[in-house]
Amino acid sequence: MNRWETGRRAEQLAAGYLRARGYRIWKTNWRWGKQELDLVATDRDQLVIVEVKAMVGNQVNHPAEVVDESKQRNIIRAAEGFIRIYKSKRPTRFDVIAVIYQGAEVKIEHLENAFTPGIAT
């Protein structure tokens, strides 16, 4: 698989993981200008914005670590656009799902409330 295929497959696996846990996937790869939200889901009464990160083999950084402040700001801006367009009144949280490919094995790590909008100022 190339990098694009690996990323798309990771998003599909993350969406399946969330569905199995009762989340409802609302949108995938939703774009706001140059920014993209990988997954937009609902979990009970919450809107959940999910950034999916994939890692193949033994990379130095954990996928969740690459969601730095700059990336967080971009996600938050896109989420603000999403909330305005869809007039969402739900409390919103930001999660990161790491999909780690280790040979034929795939491991999924879900970090709920991985970051908060306060850093985007």
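A residue is called buried under 20% relative accessible area, exposed over 50% and partly exposed in between, with a 1.4 Å probe and protein chains only. By this scale D45 is exposed, because its relative accessible area is 51%. The model is predicted: local features need pLDDT of at least 70, side-chain atom pairs count only at pLDDT 80 or more, and totals for chains, interfaces and linings use all residues. Residues are numbered from 1 along each chain as its sequence is written, and side-chain values use heavy atoms, without hydrogens and water.

D45 sits in the loop that joins β2 (35–43) to β3 (46–56). Apart from neighbours within four places in sequence, D45 contacts R90 and P91 (contact: heavy atoms within 4.5 Å). R8 and D45 are separated by 37 residues in sequence and by 27 Å between C-alpha atoms.

The protein contains 2 helices and 5 strands. These are DSSP runs, helices being H or I of at least four residues and strands E of at least two, numbered from the N terminus. Their order along the sequence is α-β-β-β-α-β-β. The radius of gyration is 14 Å, close to the 14 Å of the globule rule for 121 residues, so the protein is as compact as a globular protein of that length. The radius is taken over C-alpha atoms, and the rule is 2.2 Å times the number of residues to the power 0.38. Along the principal axes, the C-alpha atoms fill a box of roughly 40 × 30 × 25 Å.

Of the 121 residues, 40% are buried. Among contacts between residues at least 6 apart in sequence, 56% link residues at least 24 apart.
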